[in-house]
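Visitor: I would like to go through this model and ask what lies behind the labels.
Guide: Here it is.

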Amino acid sequence: MPDAVIAARWQFAFTIMFHYLFPILTMGLGVLIAVFKTIELRTGNPQHGIAARFWARIFAITFAAGVVTGIPMEFQFGTNWARFSRYAGPVVGQTLFMEGVFAFFAESSLLGVFLFGEGRIGRRAHWLAAVGVALGAVLSGYFIVATNAWMQHPVAYRAAGDHVELTSLWGLLTNPYLRWQYPHVISGSMVTASMVVAGIGAFYLLARRHEETARVFVRVGVVSAALFSLLSLFPTGAFHGENITRFQPAKMAAMEGVFRTREGAPLAIIGMPDTERQELMDPIYVPGILSYLAYGNFSARVTGLNDIPKDLHPPIEIVYYAYHIMVGLGTIFIAVTAAAAFFLWRGTLFDRRGMLWILMLTMPFPYVANEAGWVVAEVGRQPWTVYGLLRVADSSSTNVTAGMTYFTLFGFMGLYLVLGILYLLLFARIVDEGPREQP
């Protein structure tokens, strides 16, 4: 693969992985803010209004950072990936356009109403603004994931010379690959936001600050995190896995380290892929489970990498380890949040400092799991940009050298370092100030 293509891949991978840290929080946090406002409206409990006000400040700075870091990716389609834009622009431009017009503007406008409207508009109008922000955030995610789903499994198009044209907008928005990919992404976002909310609540309880509001954070965060951790496993993760098996067998084989096609394929709990010997080293297998997860049948035939041409193999080790990091962390989240939910049900959670420490220290790991999931999705699609239609090597611009791209990549790294430090300082300042009782 030419150096210029590799440089463009590095730049896009860096910018999108940094950007992804922000919307993965806001999509879930918007929903939780709407939950806080709904409980306040129904019960009149002011603590839930205080909680919504606090997390809206976190939402605002995260939303701003997400917007700033998302813009360079749009430009990269034109600078580094001109041949992809020319080829697929008539299709993916539709969903990107709808994300900007229908979701982003609604989300940003209603966020302003929510932040500055409290006390100036009615309680129901303020609640509606919160619900609108949540809907805008998840709708924005829908259009972006729909764009990605088309690249994973192109539908509703026809070839027209050197590009493709959209034949059905409905078909694009109901892509079968999207049906479980999107709920899985939203589940991951809800787990992230819920564990951050619970973790900050645990921090306040450990520090014996803002304890009444902190209990609201922990109570809502733990219940939501426990629910969505389970949903990330089943049905969203399980059925999304079936889709991958159906539409991208090479990705599934790399995820599970399946080198040899076999019936009644076992699930590898652990093991190290050896691409030279085409086998897993020191594996621990559970018989028949992979066939069942992939096809709902313990004796079903699962395609191995040996039956797929080598030039269509994704980077096996990267995909395998990223997938197992995601699954391993997801299992830990289920265990941690189930234990916390049990103690919450028993009425002892707020006094268990060990459990509160675990909730606080677990906060960063949903980000790791979501980033690992992104690596599985994107690296596992290699060598395709548009699966089965356009290879990565044929997608990049022909007039941008590797040196140019690396130069701008280092610029992005410097800028994002400053932006990341600024974001963390603002986040820490809001946490240090604590929840506000008055708008």
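Guide: The model is predicted. In its largest nonpolar core, which has 117 residues, the ones that touch the most other members are Leu 29, Phe 54, Trp 55, Trp 150 and Ile 200. Helix H7 (residues 178-207) gives the most to this core, with 16 residues.

Visitor: Which residues is Leu 29 in contact with, leaving aside its neighbours within four places in sequence?
Guide: They are Trp 55, Ile 58, Phe 59, Ala 193 and Val 197.

Visitor: Why is the pair of Phe 203 and Tyr 204 called tilted?
Guide: The ring centres are 5.6 Å apart and the planes stand at 50 degrees. Pairing needs centres within 6.5 Å, stacked needs planes under 30 degrees apart and edge-to-face needs over 60, so the rest count as tilted. The pair is therefore tilted.

Visitor: Are Phe 203 and Tyr 204 buried or partly exposed?
Guide: Buried means under 20% relative accessible area and exposed means over 50%. Tyr 204, at 0%, is buried; Phe 203, at 29%, is partly exposed.

Visitor: How many aromatic pairs are there?
Guide: The count is 28. One of them, Phe 12 with Phe 77, is tilted, at 5.9 Å centre to centre and 45 degrees between the planes.

Visitor: What makes that pair tie together parts 65 residues apart in sequence?
Guide: Phe 12 belongs to helix H1 (residues 3-20) and Phe 77 to helix H3 (residues 46-79), so the pair links those parts.

Notes. Residues numbered from 1 in each chain as written. Predicted model: local features only at pLDDT ≥ 70, side-chain atom pairs only at ≥ 80, totals over all residues. Heavy atoms only, no water. Phe/Tyr/Trp six-rings, centres within 6.5 Å; stacked < 30°, edge-to-face > 60°. Helix = DSSP H or I, 4+ residues; strand = E, 2+ residues; numbered from the N terminus. Buried < 20%, exposed > 50% of the residue type's maximum accessible area, 1.4 Å probe, protein only. Core = buried A, V, L, I, M, F, W, Y, C linked by side-chain atoms within 4.5 Å. Contact = heavy atoms within 4.5 Å.
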